[in-house]
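Me: I am new to this structure and would like to go through it slowly, asking at each step what lies behind the words that are used. Here it is.

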Number of protein chains: 2
Amino acid sequence: MNIGEASTNSGLPAKTIRYYEDIGLISPDRAENGYRDFSETHMHKLAFLSRARSLGFTIEDCRTLLSLYEDTDRASADVKVMAREHLDKMAHKIKELEAMQATLSELVDKCHGDERPDCPILQGLAGEKAGKR
Amino acid sequence: MNIGEASTNSGLPAKTIRYYEDIGLISPDRAENGYRDFSETHMHKLAFLSRARSLGFTIEDCRTLLSLYEDTDRASADVKVMAREHLDKMAHKIKELEAMQATLSELVDKCHGDERPDCPILQGLAGEKAGKR
DNA sequence: ATGTAGGCCTCCAGTCACTGTAAGGTCAAG
DNA sequence: CTTGACCTTACAGTGACTGGAGGCCTACAT
């Protein structure tokens, strides 16, 4: 299977698949004309990578997950630990975003948003009120 | 005021302040020895930038916000529009993260996490269940 | 006067995960 | 035989810094 079809099937851009090969995440065969040739196994890996990335795992996480995926003897506990750590990171990021959101909506609520020049949002950013860090 | 003090007062790393000068966000004076010299006005701008960045505005957003901040005639509506757009983006990102979180915790819950090798998390990533995209 | 410690300077490279672009080879159809 | 779609590599750019090298400048102790 050529890279175009592999791209369509996996949902990953061809560029991304080539990049994954560059960094050693996947090693497709080569046809005589030099084109990459993806087997079913490769397609499974691409699908795996696509899902793991869409869940926010980093490339290095994916490398580890792939090796765990291929090691049929590994303990499921190893995977669970990684997944939990990742969940913690996500929870943390969500909290951060929510805090930003809260601060900014407070400022937005205070702003009348009309033709007049005085603006509580800019005042807030300038430090007259609110503002973390 | 030298960059070290400016860094301490604004909470921004000196490297970051130099970077902001590089990209034209701020233009401190220079002392005779070549050192940057930050006035009160510059310090206000740095504080402004620090807060805007901590609320997740991009550098380009900050550039716009700063110019609005300096234009005492602008309508507050202009600022409010930007802020609202940014809030929308944040809300969107939070939703995305929550969706990832939900999918992954479902998988984590199913995983017994012991010495046995079969792992619902990896199975899920491989596509046997769940998985977006 | 000298040593040394720290702060400051510039410039270049690296981060992460791609994405865009250029310049060219290959293949199937008309 | 040419067109156009598809494939190849290699290099540069993204955002927002961050790290490091190599070299002045300043302050203070000896």
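Me: What is the handedness of the crossing in which H3(A) passes H4(A)?

Reply: H3(A) passes H4(A) in a right-handed crossing, a name given when the near helix is turned clockwise from the far one by less than a right angle, anticlockwise being left-handed. Bear in mind that this is a predicted model, in which local features need pLDDT of at least 70, side-chain atom pairs count only at pLDDT 80 or more, and totals for chains, interfaces and linings use all residues. Residues are numbered from 1 along each chain as its sequence is written, while chains are lettered from A and ligands numbered from 1 in the order in which they are written.

Me: Why are H3(A) and H4(A) called oblique to each other?

Reply: The axes of H3(A), residues 40-54, and H4(A) come within 10 Å and cross at roughly 135°, where axes are lines fitted to C-alpha atoms, for helices over the stretch in contact, and angles run from 0 to 180 degrees between N-to-C directions. Angles under 35 degrees count as roughly parallel, over 145 as roughly antiparallel, 65 to 115 as roughly perpendicular and the rest as oblique. H3(A) and H4(A) are therefore oblique to each other. The helices themselves are DSSP runs (H or I, at least four residues), numbered from the N terminus.

Me: Which residues in H3(A) and H4(A) meet?

Reply: A:Lys45, A:Phe48, A:Leu49, A:Ala52 and A:Arg53 in H3(A) meet A:Cys62, A:Leu65, A:Leu66 and A:Tyr69 in H4(A), contact being counted when the C-beta atoms of two residues, placed from the backbone, lie within 7 Å. By class, this contact of H3(A) with H4(A) has seven nonpolar, no polar and two charged residues; Ala, Val, Leu, Ile, Met, Phe, Trp, Tyr, Cys and Pro count as nonpolar, Asp, Glu, Lys and Arg as charged, and the others, Gly among them, as polar.

Me: What makes H1(B) and H3(B) oblique to each other?

Reply: Their axes come within 10 Å and cross at roughly 45°, and H1(B) and H3(B) are therefore oblique to each other. The crossing of H1(B) and H3(B) is right-handed, and the contact is made by B:Ala6, B:Asn9 and B:Ser10 of H1(B) with B:Met43, B:Leu46, B:Ala47 and B:Ser50 of H3(B).

Me: How many residues does the contact between the chains take from chain B and from chain A?

Reply: The contact takes 55 residues from chain B and 55 residues from chain A. On the side of chain B that touches chain A, H5(B) gives the most, with 21 residues, and by class this side has 27 nonpolar, 15 polar and 13 charged residues.

Me: Why is the relation between chain B and chain A that of a two-fold axis?

Reply: Chain B can be laid on chain A with an RMSD of 0.1 Å by a turn of 180° and a shift of 0.0 Å along the axis, the copies being superposed by least squares on the C-alpha atoms of residues with pLDDT of at least 70 in both. That is the relation of a two-fold axis. In chain B, the C-alpha nearest the axis is that of B:Ile94, 2.9 Å from it.

Me: Which residues come nearest to DNA strand C?

Reply: Of the 17 residues around DNA strand C, A:Asn33, A:Thr58, A:Ile59, B:Asn2 and B:Gly4 come nearest, a residue being near a strand if its C-beta atom, placed from the backbone, lies within 6 Å of it. The largest share of this surface near DNA strand C, three residues, comes from H2(A).

Technical notes:
Helices (H or I, at least four residues) and strands (E, at least two) are DSSP runs, numbered from the N terminus.
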